[in-house]
Amino acid sequence: MHEMSICQALMDQVERIAGEQGASRVDKIVLSIGPLAGVEPELLSRAYEVACLQTIAENAELEIETGPIVVECRKCGASGEAGVSRLVCPSCGDWQVNLTQGDELLLLRLEVSGISDFPKVES
Ligand SMILES: [Zn+2]
């Protein structure tokens, strides 16, 4: 399953970041998935429920944000939102556009806890 391998890569990333911050627990993971990323948010959440088991993010909540598709026109320079099946300039209608947003799969935010600010001093 496509979503499962994405999830596993995500968990690796989450564990690494949490480790770098010295966190003992991850409370929340916020993802941004563009409409053109080729990922079904629903399938990803289901894969996540399995992928998060026995990781630092086992009880973390997964929040998925889906953003708009934004294109920039190579003809007139206008940029704006476009439709999934209609990637054309919103201003002049030309199809020669660059995708500036919409195919991303990003780890936006990580909420962690259990960070110890001061190293414990054993007495
Ligand atoms: Zn244009």
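Which residue in β2 does L31 stand opposite? In this predicted model, the residue facing L31 is I64 of β2.

Start with the sheet around that pair. Strands pair through backbone hydrogen bonds, either parallel or antiparallel. Here, β1 spans residues 25–33 and runs parallel to β2, joined to it by five bridges. The open sheet has three strands, ordered β2-β1-β6, and its pairing is mixed. β2 (61–65) and β6 (105–113) are the edge strands, each pairing on one side only. Direction ignored, neighbouring strands of this sheet are turned by 15° against each other on average.

Helix α1, residues 2–21, lies across β1 and β6. It runs at about 40° to β6. Helix α2, residues 41–51, also packs on the sheet, where it touches β1 and β2. The direction of α2 makes about 165° with that of β2.

Next, turn to the metal. A zinc ion has four protein donors, the SG atoms of C73, C76, C89 and C92. They lie 2.3 Å from the ion. Along the chain, the donors follow the spacing C-x2-C-x12-C-x2-C. The angles among the four donor atoms are 104 to 117°, and the site is tetrahedral.

What does the pair C76 and C92 tie together? C76 sits in the loop between β3 (69–73) and β4 (79–82), and C92 in the loop between β4 and β5 (97–101), so the pair links parts that are 16 residues apart in sequence.

How values were computed:
Residues are numbered from 1 along each chain as its sequence is written. This is a predicted model: local features need pLDDT of at least 70, side-chain atom pairs count only at pLDDT 80 or more; totals for chains, interfaces and linings use all residues. Side-chain values use heavy atoms; hydrogens and water are left out. Donors are N, O and S atoms within 2.8 Å of the metal (3.2 Å for Na, K and Ca); water is not among the atoms, so sites may look incomplete. Four donors count as tetrahedral if all angles lie between 85 and 135 degrees; four count as square planar and six as octahedral if opposite donors are over 155 degrees apart and all others between 65 and 115; anything else is irregular. Helices (H or I, at least four residues) and strands (E, at least two) are DSSP runs, numbered from the N terminus. Two strands pair if DSSP finds at least two bridges between them. Axes are lines fitted to C-alpha atoms, for helices over the stretch in contact, and angles run from 0 to 180 degrees between N-to-C directions. Contact means heavy atoms within 4.5 Å.
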